[in-house]
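Work through the exercises below with the coordinates open. Each task is followed by a solution in steps.

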Amino acid sequence: MKRHLVTTIAGAAALALLTACGGGSSGQAAADGPQTIKVALWNYATTPEFKAIIDGFQQANPQIKVEPVDILADDYQTKLTTMLAGGDTTDVLTMKNVIDYARFGTRGQLLPMTDQAKALDPAKYSGLKAYELEGKYFALPYRQDFWVLYYNKTLLKQAGVPESKLQNLTWADYATLAKSLTKGDGQSKVYGTYQHTWRSVVQATAAAQTGGNLLGGDYGFFKDQYAMTLDLQKSGALLPWATAKSQKVTYNTMFSTGKAALMPMGTWYAATLLADTKSGKTKVDWGMAPLPQRTADGKTTTFGSPTAFAVNKNSKHADAAKKFVEWASSEAGATAVAKAGVTPSLQTQPILDTYFGLPGVPGDALAKKAFKPDDVVLEMPVGDKSSDVDQILTEEHELVMTGQKSLDDGLAEMSKRVKNEVG
Amino acid sequence: MTTPVSAPASGPASGLASGPGPAAAAAPRRVRRRSRTWVGWSFILPNFLGFAALTLVPVIASLVLSFLDWDSYSTPRWVGLANFERMIHNDTFWTALENTAYYAVGHVPLTLCAALGFAVLLNQKLKAVQFFRTALFFPYITSLVAVAVVWNMLLSPDMGPVNQFLRAVGIDHPPGWTTSTTWAMPAVIVASVWRDLGYYMILYLAGLQTIPAELYEAAEVDGASGWQRFRHITLPSLRPTTFFVLIMLTISSFKVFDLIQVMTEGGPGRATLVLSQVIYREGIVQGRFGYSSAVSMVLFVIVLTITMVQFRLQRRSER
């Protein structure tokens with residue numbers, strides 16, 4: 001009895017604090033009037049696909065009104081967790097990453113959408129498989145980002161490098177090319193390449209292209225990718241990690257101001273470049289090539305993350321919410337997403353044509369090959385240990401990249417810590 | 001053994017009361033005292049309610065949560081001391097504890113000495129003294145993110161003015177500061193001393209202005225040097241201020257979170273990871289509210305113990 005009381009008090013107190021931050025409930029549907037569903041999303045003004053999906057859905061379903069619940073991108077995961085803990089009834093929830101999706105799905109916070117997911121063709125829906133939780137689905141993907149190699153056409157031309165050279169680039173070729181493209185000094189220096197400070201640039205690439213397991217606890221498969229990156233840094237062809245981190249350098253600044261000739265980055269960056277080109281913020285003539293590979297056998301393996309919509313279990317308008325989720329992942333939804341310059345999960349030829357038909361999108365063979373990788377591996381495997389492993393790998397990545405630990409010591413420490421601290 | 005509440009009324013003092021008799025005089029006095037008590041309570045009640053709702057209840061809830069396994073979704077599960085056991089065997093907890101102590105040992109004396117030094121200096125009749133006082137206080141009211149950004153720029157390994165200066169004076173390989181496991185914590189300490197010293201300097205300035213000028217005049221007549229005047233008059237007179245500053249600095253040092261979060265995020269590696277960040281990561285990011293609460297309880301006990309020791313030492317020195 002005493003234990004129960006204590007537990008209840010603790011739970012109630014913590015919940016009271018959490019719910020203070022939560023959102024309100026969605027409005028009641030009028031019996032014969034239009035229904036309103038609320039959609040939790042981030043940075044509405046600067047994330048064009050949200051508006052494209054909402055506008056498109058409302059046009060197709062005038063009886064359902066959609067109200068965006070805009071949350072700051074950086075706070076999105078925390079805020080969503082808090083909202084759900086407080087019993088929030090926001091109808092549709094955007095699943096920003098698969099790790100959080102797995103948490104919400106397995107804890108019964110989302111409505112099952114297994115039937116709807118199984119009706120989709122997995123061959124056409126990139127990233128759909130990532131949402132399977134023990135045979136069940138609780139979300140449908142509408143967007144799938146994966147990594148490609150962006151390049152500055154002008155800088156390549158100035159160096160006399162034909163763009164066709166990027167067709168089947170190995171990491172060794174990439175390093176040689178980056179060194180040859182580096183020029184200048186001080187403020188006017190142009191780096192051959194820019195690799196952002198995220199650990200995924202090195203680690204997820206290595207895992208995807210070697211078949212290594214990021215949750216496994218043995219990280220020898222990182223070695224070649226780290227060795228190449230550290231060598232690029234040492235040669236001066238890559239902005240030092242320490243400088244990028246301490247200066248909080250953004251990858252957009254490095255590429256869109258012409259400070260870097262090459263840059264491995266996700267497909268989402270194309271939408272930013274399109275918008276910045278349109279508004280005159282950048283004049284960089286850019287192209288997209290497949291991510292470099294370990295061997296030049298013509299096959300492209302990259303990594304990426306899908307984004308999905310799910311329906312809150314507490315939704316008061318579950319049917320309308322499900323309709324929204326289904327529409328977003330449908331051909332009409334994917335076309336709307338592609339028109340916004342963002343890569344949809346459903347990639348049929350007409351949708352790809354829509355994307356490449358956008359003004360400013362490089363439509364050459366290289367870009368089209370970049371857009372059709374043979375294999376897209378999930379950036380981080382989903383599991384209850386993912387979050388803890390991610391923290392350890394990030395910490396050790398910092399030490400290796402700043403030279404605080406040798407590569408061998410860093411790799412050994414990653415393995416040791418993951419085995420000891422996560423198990 | 002216990003003294004009855006009405007005892008004073010029947011004691012010698014009651015005999016002095018005018019009026020019909022001791023018993024009749026005691027009753028209105030009791031009523032008056034009771035009504036005064038209620039007036040007193042009514043003054044502190046709003047504050048106490050705020051304290052209870054925003055501090056006391058969360059602290060008690062946190063204490064209870066530290067014995068539970070709870071992720072904010074599922075039903076809380078009683079796990080006894082398991083969270084504390086996990087903490088004892090967790091390398092990250094010990095690293096964070098060590099870093100927190102390192103930060104406090106650096107931050108408290110440096111801020112205290114700097115604040116005292118500037119307060120003594122700016123208590124003189126100098127030109128533009130108000131300007132210097134304001135300038136030193138300014139970082140304290142500046143946005144913390146701005147402070148962190150400025151220091152990150154100053155300490156940038158390649159382009160920062162600090163390293164450019166060091167290279168100019170012949171140090172070819174200056175440290176990476178916030179990206180060096182050796183120098184990240186000193187860099188954070190220096191930035192936080194710079195940010196905090198203005199506030200504590202104001203406290204010392206207030207303390208300095210309560211010292212009677214006659215004491216200094218008399219010492220000067222007796223031929224005491226500047227150092228002797230500082231040591232034998234200023235320092236002892238500032239003892240209550242120093243005690244207050246010490247308590248406040250210790251508490252804020254152990255609770256440090258914001259500046260480190262913005263400047264280094266606890267890195268590189270875990271070089272600047274402190275207990276408050278462990279609490280945040282485990283609770284808010286990972287959703288392990290039980291473990292997070294256990295760490296916060298340890299932090300609470302550490303701060304409470306150090307504060308109590310400081311109070312005891314202060315009392316002993318006053319005797």
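**Exercise 1.** Which residues form a positive surface patch?

Solution. The model is a predicted one. The positive patch consists of R29(B), R30(B), R32(B), R33(B), R34(B) and R36(B). Take R34(B) as an example: this residue sits in helix α3 of chain B, residues 22-65. Its relative accessible area is 52%. The cut-off for exposed is over 50%, so R34(B) is classed as exposed.

**Exercise 2.** Describe the loop between α13 and α14 of chain B through E265(B) and P268(B).

Solution. The loop runs between α13 (258-263) and α14 (275-285) and contains P268(B). The peptide bond from G267(B) to P268(B) is cis, with omega near 0 degrees. E265(B) is found in the loop between α13 and α14 as well. Phi of E265(B) is positive, about 55 degrees, although the residue is not a glycine. At 38% relative accessibility, E265(B) counts as partly exposed.

**Exercise 3.** How far apart are the end C-alpha atoms of residues 134-155 of chain B?

Solution. The unreviewed UniProt entry annotates "transmembrane region" on several spans of chain B, including 134-155 and 175-194. For residues 134-155 the end C-alpha atoms are 25 Å apart, and the span is 86% helix and 0% strand. For residues 175-194 the separation is 20 Å, with 55% helix and 0% strand.

Note on methods
Residues are numbered from 1 along each chain as its sequence is written. Chains are lettered from A and ligands numbered from 1 in the order in which they are written. This is a predicted model: local features need pLDDT of at least 70, side-chain atom pairs count only at pLDDT 80 or more; totals for chains, interfaces and linings use all residues. Side-chain values use heavy atoms; hydrogens and water are left out. Patches are made of residues with over 30% relative accessible area and no salt bridge: like charges are joined within 9 Å, nonpolar side chains (Val, Leu, Ile, Met, Phe, Trp, Tyr) within 5 Å. Accessible areas come from the Shrake-Rupley method with a 1.4 Å probe; for residues, only the protein chains shown count as cover. A salt bridge is a side-chain nitrogen of Lys or Arg within 4 Å of a carboxyl oxygen of Asp or Glu. Lys and Arg count as positive and Asp and Glu as negative; His and the chain ends are not counted. The place of a charge is taken as NZ of Lys, CZ of Arg, CG of Asp or CD of Glu. Helices (H or I, at least four residues) and strands (E, at least two) are DSSP runs, numbered from the N terminus. Buried means under 20% relative accessible area, exposed over 50%, partly exposed in between (1.4 Å probe, protein chains only). UniProt positions are given in the numbering used here, feature names are shortened, and annotations may be inferred rather than shown by experiment.
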